[in-house]
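Thanks for passing this model along. Here are my notes on how its inside is put together.

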Amino acid sequence: MGSEGAAITSPHKDDAKPVDERTEKEKAIDEWLPITSSRNAKWWYAAFHNVTAMVGAGVLSLPFAMSQLGWGPGVTVMIISWIVTLYTLWQMVEMHEMVPGKRFDRYHELGQHAFGEKLGLWIVVPQQIIVEVGVDIVYMVTGGTSLKKFHDTVCKDCKNIKLTYFILIFGSVHLVLSHLPNFNSISGVSLAAAVMSLSYSTIAWGASLEKGVQKDVEYGYKAQSSVGTVFNFFSALGNVAFAYAGHNVVLEIQATMPSTPEKPSKGPMWKGVIVAYIVVALCYFPVAFIGYKMFGNVVEDNILISLEKPAWLIAMANMFVVVHVIGSYQIYAMPVFDMLETVLVKRLGFSPSFLLRFVTRTVYVLFTLFVAVSFPFFGGLLGFFGGFAFAPTTYFLPCIMWLAIYKPRKFSLSWFTNWIAIVLGVILMIIAPIGGLRSIIIQAKTYKFYS
């Protein structure tokens with residue numbers, strides 16, 4: 001899984017041009033693998049891929065997270081997260097081509113450069129797999145839940161249909177879409193998803209505003225005991241971490257852009273990231289703050305459930321969520337397909353073929369579908385996965401790599417900034433899963449399989 005595919009700089013000093021030392025077979029494999037097969041993306045591809053990756057269904061749980069954090073801590077956590085993750089995203093964009101003539105097309109290749117061939121793989125790959133597979137499972141649940149909500153809103157008198165069936169309907173879409181070969185081929189799906197995320201976020205805060213502050217609204221903590229309050233607080237931090245999970249696919253998105261020494265890919269990529277982060281702010285802050293202001297601590301873990309009227313608008317918002325998570329699922333699945341196909345072709349010696357790709361991707365979609373149908377605990381899953389794997393890959397792993405590679409002077413601004421982000425990220429990683437796991441256990445007590 002190493003970065004054999006990258007070009008290597010020529011040893012001659014006068015000859016500054018990078019020399020491609022790959023064999024014909026290696027070139028053919030790289031042209032077949034989803035991450036490196038197409039390098040003609042524009043900066044706006046980066047913008048909407050990043051929006052689709054970042055603004056997940058997590059945005060709909062932000063008012064609920066606010067209700068468990070309270071006004072002061074909630075606003076602080078939201079703003080600090082936005083700043084810290086923008087900083088770590090900038091670091092990753094910068095590090096993509098820090099070695100002349102070489103591109104770190106995948107998160108684990110950067111990890112190998114920072115920590116060494118073996119250790120880099122062991123540090124990055126398990127976390128990246130947890131994040132990407134975890135997100136895909138959660139999105140299966142979200143897609144199914146939103147489809148069910150759409151059905152129940154549009155057809156009040158219809159027979160009740162199990163959530164299981166809606167998750168299966170949502171999953172069947174991916175049995176088709178997962179066979180698109182690479183990132184650029186899913187750009188249409190991703191653009192639709194990015195537009196939808198802005199649309200349903202606007203509906204969520206717009207309809208909340210329209211509804212106005214509810215009678216007897218309370219902003220105190222909902223839990224009866226102080227232990228419950230603390231655990232809920234921890235879980236809410238995980239929900240916020242989950243909302244900023246786009247870093248796991250950022251190098252893979254940048255890999256799809258053309259790059260030359262005169263015009264490195266970081267220019268257009270950074271432009272795309274800035275646009276994406278402005279959209280993220282326009283989605284997250286109004287939904288979180290207005291949703292919490294209107295409903296207080298009785299807000300549901302999905303704000304659209306709290307908003308029952310007007311029915312047509314809520315139905316439309318739920319359909320937008322479905323379209324968006326279809327795109328998000330694909331964005332997170334693509335690096336997983338790349339890893340699986342790399343192992344099968346480079347390690348196990350399979351020849352790159354349509355059949356291999358078809359079987360691999362179909363098995364992956366069926367696996368995420370099975371887990372989603374079996375364990376649809378939406379809020380708790382977010383908190384658990386959010387802290388366990390999102391905090392490292394998003395909040396502090398880029399900072400550790402930066403310190404390992406660039407070695408900034410002790411006590412310099414860069415040194416301090418990175419260490420602050422690392423400390424905050426480690427705290428988040430330790431406490432968020434505790435809260436998430438507790439809420440999964442509480443929900444599991446009353447849960448019936450495949451209901």
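This is a predicted model: local features need pLDDT of at least 70, side-chain atom pairs count only at pLDDT 80 or more; totals for chains, interfaces and linings use all residues.

1. Residues are numbered from 1 along each chain as its sequence is written, and side-chain values use heavy atoms, leaving out hydrogens and water.

2. The largest nonpolar core has 123 residues (buried Ala, Val, Leu, Ile, Met, Phe, Trp, Tyr and Cys joined through side-chain atoms within 4.5 Å; buried is under 20% relative accessible area, exposed over 50%, partly exposed in between, with a 1.4 Å probe and protein chains only). Met78, Val240, Tyr244, Tyr284, Tyr395 and Met401 touch the most other members. Helix α11 (residues 266-295) gives the largest share, 16 residues (helices are DSSP runs of H or I, at least four residues, numbered from the N terminus).

3. A separate second core of six residues includes Trp32 and Leu344.

4. Arg106 and Glu109 form a salt bridge at 2.9 Å, N to O (a side-chain nitrogen of Lys or Arg within 4 Å of a carboxyl oxygen of Asp or Glu). Both residues are buried, and shared partners bring Asp338 into one network with them.

5. Arg39 and Asp105, 66 residues apart, form another salt bridge, with closest N and O atoms 2.8 Å apart. Arg39 is partly exposed at 31%, whereas Asp105 is buried at 4%.

Terms used:
Helices (H or I, at least four residues) and strands (E, at least two) are DSSP runs, numbered from the N terminus.
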